[in-house]
Amino acid sequence: MFRFDTPLNLVLGLVTGLVFGFLLQRGAVSRYRVILGQFLWANHTMLRVMLTAVVVGAIGIFAMRQIWGDAVPLHVKSATILGNAIGGIIFGIGMVVLGYCPGTGVAAMGEGSRHAVFGVLGMLAGAAIYAELHAAMKGSILKVADLGKVTLVDKTGASPWVFVLASAVIAVVVFALLHKRDQAASPGQEGT
Amino acid sequence: MNVLKKPRWSPYVIGAGIGVLSWITFGVMHKALGVSTTFVRVAGLIGSIFSSGHIKANAYYERYLITQAAVDWQMLLVIGLFVGALISSLLGKSRIKETVPELWASKFGRSKAGRYVGAFIGGILVLIGARLAGGCTSGHGISGGMQYAIGSWVFFVTFFVAGLATAFALYGKEGRNHV
């Protein structure tokens, strides 16, 4: 009864994952102490990786859409605001207790972390629990402030480049402030 | 080959790499990076070994296991994620056999069993939160962030603030000495 995706998609997924896993491990964001260091505001590797990925990704995606239009479709998730927010809070608490998110947890297993294995098993249990709760969530939390698959670009009608530029400026300012702060705090090495 | 053996790359290089990887997944594969849906699929596949009737009767599993391919692009991505990190840690000689992290031990002690139970509970919360929100750090945080999706930015900000609050509540500023 279960179907497989096309062989091409499976191979492309595997290659994408290989690169993604390589990068996460090489960037040290698959480390418990780097992730907890971020949440204790002591090590900003995770924020640097995420903001850079967002800005660089956005530049390319909106450039491709400028040239090829909807031949390069977006993949926007639903803005079920209450669900996004409550889910985000539960996720943030869990991520600090565990020390990994789903992707970095799997990458941490790959580099040998033992406790990450129990975290990933917990994630499977969490998925099974949520599957039983989803019908109830759909009738309650996910109905509140459901805006659909909407982006800031749709909502404002502005050019996407306004947001690309704004996010790039914000990222550069944040990086400059963090850099200054790191130099003032300690010359210690980050990210290992 | 030297650069592949350098154990650590700049976070900006890593971030840019993930950004460029997203260009390829969006432009060529028509996909966005994401991870957490795979946990639903794997949980459902494991569950179907024990009670396929129960799994089939659940609309949430039906969507990911029957309507869509059960073994899909993203599931292979997650397998690749494991292997990619393994390869990187071997090439960079940066493998780790962490059982009880220093920070955790400073507060909860050095018991392995205690840490494993803690990690398990943390994992449960992570996936419940991700599925309620509709994505995780990859699908919402990175892929949704770069599309300026409103729900994704709500998730990004709330998980980050909740994480900061939890970390300081559990470990306080002294925790910084252990990371």
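The model is a predicted one, and the values I shall quote are computed from it.

Let me begin with the chains themselves. Chain A contains 8 helices and 0 strands. The C-alpha atoms of chain A occupy a box of roughly 50 × 45 × 40 Å along the principal axes. Chain B has 9 helices, again with 0 strands, and from the N terminus its elements run α-α-α-α-α-α-α-α-α. For chain B, the C-alpha trace spans about 50 × 40 × 35 Å along its principal axes.

I turn now to the interface. The size of an interface is often given as the accessible area lost when the parts come together. Here, the area buried between chain B and chain A is about 11,000 Å², and carbon and sulfur atoms give 74% of that area. Within the area that chain B buries against chain A, Arg8(B), Leu132(B) and Tyr148(B) supply 8%, more than any other three residues.

What polar and charged pairs join the two chains? Between chain B and chain A there are 42 residue pairs in polar contact, counting pairs with both residues at pLDDT 80 or more. The count of salt bridges between chain B and chain A is 0.

Over all chains, however, the count comes to 5 salt bridges. Side chains of opposite charge can pair when their charged atoms come close. One salt bridge is formed by Asp182(A) with Arg48(A), whose closest N and O atoms are 2.9 Å apart. Asp182(A) belongs to helix α8 of chain A, residues 160-185, while Arg48(A) belongs to helix α3 of chain A, residues 45-68, so this pair ties together parts that are 134 residues apart in sequence.

Finally, I draw your attention to the surface. A nonpolar patch is formed there by Val117(A), Leu121(A), Val117(B), Phe120(B) and Ile121(B), and together these residues have about 380 Å² of accessible area.

Note on methods
Residues numbered from 1 in each chain as written. Chains lettered and ligands numbered in written order. Predicted model: local features only at pLDDT ≥ 70, side-chain atom pairs only at ≥ 80, totals over all residues. Heavy atoms only, no water. Buried area = accessible area lost by both parts, 1.4 Å probe. Salt bridge = Lys/Arg side-chain N within 4 Å of Asp/Glu carboxyl O. Polar contact = N/O pair within 3.5 Å; in protein donor to acceptor, adjacent residues only side chain to side chain. Patch = residues over 30% accessible without salt bridge, like charges linked within 9 Å, V, L, I, M, F, W, Y side chains within 5 Å. Areas by Shrake-Rupley, 256 points an atom, 1.4 Å probe, with all protein chains shown as cover. Helix = DSSP H or I, 4+ residues; strand = E, 2+ residues; numbered from the N terminus.
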